[in-house]
Amino acid sequence: MKKKKIYEGKILSLSLYDITLNGRKVRREVVEHRGAAAILAFEGKKVILVKQHRFPLGYVLEIPAGTLEKGERPRACAFREIQEETGYKAKKMTHVLTYYPSVGYNTEAIHCFVAKDLTKAGELKLDYDEVMSVVKMDFTKLVSMIKAGKIIDSKTICAALTYAAKKKLL
């Protein structure tokens, strides 16, 4: 296997891999990403979402999430991100699933958690390039919006529907 890094950015890199697959030499373009943690956070029956600007699509309604820092464990990232993006601290963080949103060309794994026992802990602590606001809604409305195609974010869809299936809410 031969690897050639052709781009290194703040949150991802792009590499070309020359590999042998079933006796054939093939080239693969791979987006390399440290992974992310995403949080389906409950305040009672309400889910805490963020309305975030996602270029080039514009504003998207999604669950809070963020990229793992170097050496950071997914659960630690989830606790950090919920506080930074919503101003809430979670006492309880339960892993619900890990999935790969773009199998075949991307190494990113998204680790989804459910957060409960939230307390308001302060203001949002956003990065300079983050533009978002907090939105609260009933979980049933979130599921309805997913079914209607109004929620387009994969981590939100995967976390909410997996949680609903495990709780036999669907």
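Guide: Ala78 is a place to start; it sits in helix H1. The model is predicted, so local features need pLDDT of at least 70 and side-chain atom pairs count only at pLDDT 80 or more, while totals for chains, interfaces and linings use all residues. Residues are numbered from 1 along each chain as its sequence is written, and side-chain values use heavy atoms, with hydrogens and water left out.

Visitor: What makes H1 a helix, and which residues does it cover?

Guide: Helices are DSSP runs of H or I with at least four residues, strands are runs of E with at least two, and both are numbered from the N terminus. H1 covers residues 74-86, which is 13 residues. Its first and last C-alpha atoms are 18 Å apart, close to the 18 Å expected at 1.5 Å a residue; the expected span is 1.5 Å times one less than the number of residues. Gly87 follows H1 and has a positive phi, near 85°.

Visitor: Why does Ala78 count as buried?

Guide: Buried means under 20% relative accessible area, exposed means over 50%, and partly exposed is in between, with a 1.4 Å probe and protein chains only. Ala78 has 0% relative accessibility, so the residue is buried.

Visitor: Which residues is Ala78 in contact with?

Guide: A contact means heavy atoms within 4.5 Å. Leaving aside neighbours within four places in sequence, Ala78 is in contact with Ala37, Ile39, Met93 and Phe113. The C-alpha atoms of Ala78 and Met93 are separated by 7.8 Å, and the two residues are 15 apart along the chain.

Visitor: Why is Arg80 called buried, and which residue does Arg80 form a salt bridge with?

Guide: Arg80 has a relative accessible area of 18%, under the cut-off, so Arg80 is buried. A salt bridge is a side-chain nitrogen of Lys or Arg within 4 Å of a carboxyl oxygen of Asp or Glu. Arg80 forms one with Glu72, the closest N and O atoms being 2.8 Å apart. Glu72 is buried as well, because its relative accessible area is 17%. Both residues belong to a network of salt bridges that links Glu69, Glu72, Arg80, Glu81 and Glu84.

Visitor: How many salt bridges does this rule give?

Guide: The count comes to 13. One of them joins the side chains of Glu43 and Lys136, at 2.9 Å from N to O. Glu43 lies in strand S4 and Lys136 in strand S10, so the pair ties together parts that are 93 residues apart in sequence.

Visitor: Are Glu43 and Lys136 buried or partly exposed, and how do you know that?

Guide: Glu43 has a relative accessible area of 30%, so Glu43 is partly exposed. Lys136 is at 40%, so Lys136 is partly exposed too.

Visitor: What makes Glu62 and Lys155 a salt bridge?

Guide: Their closest N and O atoms are 3.5 Å apart, and the rule asks for within 4 Å. Glu62 is in strand S6 (residues 58-62) and Lys155 in helix H3 (residues 154-166), 93 residues apart. Glu62 is buried because its relative accessible area is 1%, and Lys155 is buried because its value is 9%.

Visitor: How do you know that S2 and S3 pair?

Guide: Two strands pair if DSSP finds at least two bridges between them. S2 (residues 12-21) and S3 (residues 24-33) have 10 bridges, in the antiparallel sense. They form a hairpin with 2 residues between them, and Asn22 in the turn has a positive phi of about 55°. Tyr17 stands opposite Arg28 in S3.

Visitor: Why is Ser13 called buried?

Guide: Ser13, in strand S2, has a relative accessible area of 5%, so Ser13 is buried. Not counting residues up to four places away in sequence, Ser13 touches Lys5, Tyr7, Glu8, Val30, Val31 and Glu32.

Visitor: Why does Tyr7 count as partly exposed?

Guide: Tyr7, in strand S1 (residues 2-8), is at 46% relative accessibility, so Tyr7 falls in the partly exposed class.
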